[in-house]
Amino acid sequence: MNNQLQFADVILPLPLKQLFTYSIPFDLTKEIEIGKRVIVQFGKRKVYTAIIHSIHNIAPKEYKTKNIISILDEKPVVNNYQLELWQWIADYYMCSVGDVFKAALPSGLKLESETKVIYNPENIDQKKFTSTETLLLDYLSNKNIASISEISTALSKKDSLPIIKSLLDKKAVILEEKLRENYKPKTESYIKIHKSIKTESLLNEVFNTLNRAPKQLHVLMSYVKLSGNFISPGKIVEVSKKSLVTDSKSSSAIIKSLIDKNILSEYDKNVSRLNENSVQKTEIKKLSEPQQTAFDSICNRFEEKDVVLLHGVTSSGKTEIYIHLIKEQIDQGKQVLYLLPEIALTAQIINRLKSVFGNRVGIYHSKFSDSERVEVYQNIIEPTEKLKYDVILGVRSSLFLPFSNLGLVIVDEEHENTYKQYDPAPRYNARDCSIVLAQMHQAKVLLGTATPSIESFFNAKVEKYGFVELTTRYQSIELPEIHLVDILRAKKRKEMRSHFTPALIDSIKDSLAMNEQVILFQNRRGFAPYLECDMCGWIPYCTNCDVSLTYHRHQNELVCHYCGYTIRAPKTCKSCGHVAVQTRGFGTEKIEDEIKIFFPDAKVARMDLDSTRSKNAYHTIISSFENGDIDILIGTQMVSKGLDFDNVSLVGILNADNMLNYPDFRAFERSYQLMSQVSGRAGRKNKQGKVIIQTSNPAHPTLQYVLDNKFEEMYKAQLLERKNFKYPPFYRLININIRHKNQDISDKAAHHLGVSLRKIFGKRILGPEPPIVSRVQNYFIQNLIVKVEREKSFQKAKQLLEEKINTLITSDNFKSVQVSVDVDPV
């Protein structure tokens, strides 16, 4: 027997760069395994779930190790592929592997300690307490132990920590850390015959005793029929309480009477939250000639390249090609990850995939409850008899699932910026990470889009990626007819009807008259961007951020879209007291209200962040629109992403100028992508659609590219600009964000860092400059940008940058400054 003490390096869910070493108690050495979750104490009080990263017998010299408290798993929940991916993301995106761990596992798999406050009666009598402290002590004297959140609720206070600290100082309470488990298996009540009834003759005796209780007798007979007990020995079926109530048309009270008489007994059984019902499958559709050609080309390119870019126009039937590629992988026993940029898209595509692959398709996104996400995660590790997921359809977080045999990753609408995580760290791009993940599995990646990102198209042109084009729409449907309508001209002629040009109003009328559907696109939610006083020009601003408040009419509230600060809409100006406070600009809510005035008989719905907060909201809106229950759908960019509606004949883009005039080097590329994608929703299956783009600058080159569907011309123009001004794909960018609640400290820290970085990087440093919104949640912000040539060592640049940031935040003057790094910002 080996009595040498072993150690484990563990990953903690904390933003700390290094791993931490714990000693493995002898009684746990046989169970310990890389990838298992363990409970460890960190610091004096806190207890965390950690992941075993490595096992060795070298004791750390810097600190005395603590023991691992316990092991949570029988089998590892994180495999080697995942650990390798976590480390790559931490290194590339300049964050800690703990940040990645926190993002990668569903919360239900991360047990964290919760501080409990315990009543200490020994130190009560001789102390003096305030009225609030007395109130809390009275509460604790009855309850004895409570969590901080329970105390805050009891005292009706958002922050009860100052009161708890005061009582702690007076030794009237004690603090203790207790583990809080977020995931609880779902259970269902089942019924079985009581263990005392072992033979059929005993059962007959029971039947005789129930002659005077016909309802109970009926329930018992229903149970015997459903279970097959004493009828088909060896084929006994488990009977749920719910099915027994339904079959016997009785109540829980009658079943309880039989349980009380020791005739039946009740037990709980863990049941899945996932849908295990079998799905009616249909035959896979035969590909059209252009689709088959594209499919064959993709397979050929995969012979030479690991990544292929499929550039297919809108409505060209890319999804059908994906389905054929997925089938090929499943037939080989491989797993497939199908990434989508928006949860809204999963609602439509899941129906198409399930009709072909049934319950082999799983969904994973944030609108699922945490417990559902845990069960999807666990099913991939250990499938059940009823359910085995071979295909996962999900948004960026599904990249972190425990795949063991990945064959293909499909990144649909690869150009979308929603693949990029902004806050908190890790600030990863799921499209780029999926390529790394696929390399680890020796799998292939297909990037699909009608409007490729400049970077991906560049990689295809320089033959880093394979490239396949699909230039014809499915069933040779024509691309939509696009019209640019001049808003300024319409205003001069006084033809505008609120925010609508006559051309748009007339086209909506024509579509509704022919029972066709309309999509109106406005990339701003809320009723109006801001309120303004007509007399003095006062505009209500957020108290925490340097940004005007957005007016939401349905709640009659002004809301900050950065921090969530909310106030009731004022009836009078807070500066001059005048009543002439007017809305300025327009969002989706205002469009919805006004379109109902112009078209009172039309059924109108809105799809934006405000109207789709609940789990099934996307699915409800999209299904209603598909079924023809909605005539006009108004939305933000959610409506632009790959949705397929048969009966949409008109798309209206209400203000193209907002997108084009955004101060960002990607503004023209994004505008082209967004307008082309929205336009692609028109004229999908029956006839040529129509798109009306309202703008005050119809001659803008980007709008002309959209008008003529000239992606390559837009790409060449943008590429030239990017080369001249040193932007991707020729340079890599790193954005450094410096924030502090004191503006002077924030400015000085940014200046100090800028000076030290210029000594190394010279003109590759831009800034420091405040962003457009320079204060968020009372933090003053400064940004620096580092530009690194493609051919230079990016790893070396990041290493030098990290050294300088560490020097800054460890200096006495700037210890409280927050610095975040965004590698490859989009």
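I will go through some salt bridges in this predicted model.

First, the conventions. Residues are numbered from 1 along each chain as its sequence is written, and side-chain values use heavy atoms, with hydrogens and water left out. Local features need pLDDT of at least 70 and side-chain atom pairs count only at pLDDT 80 or more, while totals for chains, interfaces and linings use all residues.

The structure holds 28 salt bridges, meaning a side-chain nitrogen of Lys or Arg within 4 Å of a carboxyl oxygen of Asp or Glu.

Take Lys17 and Glu802, where the closest N and O atoms are 3.0 Å apart. Lys17 sits in the loop between strand E1 (6–11) and strand E2 (20–24), and Glu802 in helix H25 (residues 794–810), so this pair ties together parts that are 785 residues apart in sequence. Helices (H or I, at least four residues) and strands (E, at least two) are DSSP runs, numbered from the N terminus. Lys17 is partly exposed at 47% relative accessible area, and Glu802 is partly exposed at 26%. Here buried means under 20% relative accessible area, exposed over 50%, and partly exposed in between, with a 1.4 Å probe and protein chains only.

Next, Arg352 and Glu320, with closest N and O atoms 3.3 Å apart. Arg352 is in helix H12 (residues 343–357) and Glu320 in helix H11 (residues 318–331), 32 residues apart. Arg352 is partly exposed at 28%, whereas Glu320 is buried at 10%.

Then Glu669 and Arg722, at 2.7 Å, N to O. This pair links helix H21 (residues 667–679) to helix H23 (residues 711–724). Glu669 is buried at 3%, and Arg722 is buried at 2%.
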